[in-house]
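Hello,

Here is the structure we spoke about handing over.

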Amino acid sequence: MKKTMMSNLPRDLSEEVLSRIPLTSLRKVRSTCKKWNTLSKSSFYIQKQHLGQEAKELMVVVMDYSVYLMGVNLWDKESCIKRQGKLIFPGSDQIEVGQVFNCDGLLLCVLRDHTRLVVWNPYCGKPLWIELTNKLNIWPHSSYALGYDKSSNSYKVLRFRDYSMTGVSIDFTIHDLNSDSWRVLDITPDWKVTFFHAGVSLNGNTYWLATKAGESDEYEDGCLVCFDFTRETFGPRLPLPFEHVLEDTVSLSVVRGGEKLAVLFQPWDTLKVEIWVTSKIEPDAVTWESKVFLEASLKKFIHPMFQFRIRGASFFIDEEKKVAMVMDKEFVLRAVQPTRHQAYIIGVDGSLKKVDLGEAADKRNLPLACSYLPSLIQPY
């Protein structure tokens, strides 16, 4: 009886086999034969394996300085969050990641010690390492972003510092992945981005929550700012649909589908959670929906004094299913530090479900997440 080689399997059968292989085993599978290597990099494989029936959404999560890919299904009766695997950077020892950003399926990871950056598509290709060798560049309170220059068809990394003594963000530099070089940008903003307010990528540009320069410590004239990677400059300050103070929780997210932004707002006094969605968003202009997407009080479910942490509150929404998910720690009354990571799933009907994400090795570290859509794009 003639043996059937893996390379001779019909395409539909090969696709079915590959669709059952987890991401963590993908690299080994690609070395099996040329046909499977090619097929595993196709858009069909990516869509069927990681955007199939079980996981309607993917997110990349930093927990305890490790990066995980998680499948998220918030839209069925039994909501679930499943860990797909831990991302291991090829050709490097175990590293600790402090921040992660997503642009077009490329991940920008900032090492915990701020000595290196890495840009990587975990589905294909080798990671691109960017050294920060100048000691002056190693500043923990820095903001980073990965974006796309449409004029040169290249990806770039923006970096600037949150230096509280000046009251504004300073030291703007940009790195072109194609030329592997840094350049200083002549930017003098009238605003400040606090380092723990991570930017989000939309249409190749990056948006941040910012504060008008010169405001007092108690009151913050909050706004949005956008860096256009093609023009290599920031647009004007864009308004938010609310006013907030330093003690309020405010967080920014990209709406599923990649054409809108959403902002979470939880004032420290009422503790009522609001989520607003844009109706139009461009680097130079924004309009907000006239009606709030979600408004909910979590006091009766958790505790009268519960507030999402100011330095955390990564979140996602689904407009069609009327649901939001917020990443944070568990609430433990009078505890010095919470011990477990947790996701809070909130419905526009005011419902709440808590999903345990495991023990926190670092009690002070908050889970940070960004939505993720796989692609075949290479960083250079």
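One aromatic cluster is formed by Phe 160, Phe 172, Trp 191, Trp 208, Phe 227, Phe 229 and Phe 234. The model is predicted, so local features need pLDDT of at least 70 and side-chain atom pairs count only at pLDDT 80 or more, while totals for chains, interfaces and linings use all residues. Residues are numbered from 1 along each chain as its sequence is written, and side-chain values use heavy atoms, with hydrogens and water left out.

Searching the whole structure gives 17 aromatic pairs. Rings of Phe, Tyr and Trp (its six-membered ring) pair if their centres lie within 6.5 Å; planes under 30 degrees apart count as stacked, over 60 as edge-to-face and the rest as tilted.

Phe 160 and Trp 208 are an edge-to-face pair, because their ring centres are 5.2 Å apart and their planes stand at 75 degrees. This pair links distant parts of the chain, 48 residues apart: Phe 160 is in strand β9 (residues 154-163) and Trp 208 in strand β14 (residues 205-212). Strands here are DSSP runs (E, at least two residues), numbered from the N terminus. Phe 160 and Trp 208 are both buried, meaning under 20% relative accessible area with a 1.4 Å probe, protein chains only.

Phe 172 and Trp 191 are also edge-to-face, because their centres are 6.2 Å apart and their planes at 85 degrees. Phe 172 belongs to strand β10 (residues 168-176) and Trp 191 to strand β12 (residues 191-192), so the pair ties together parts 19 residues apart in sequence. Both Phe 172 and Trp 191 are buried.

Regards

Notes
Helix = DSSP H or I, 4+ residues; strand = E, 2+ residues; numbered from the N terminus. Buried < 20%, exposed > 50% of the residue type's maximum accessible area, 1.4 Å probe, protein only.
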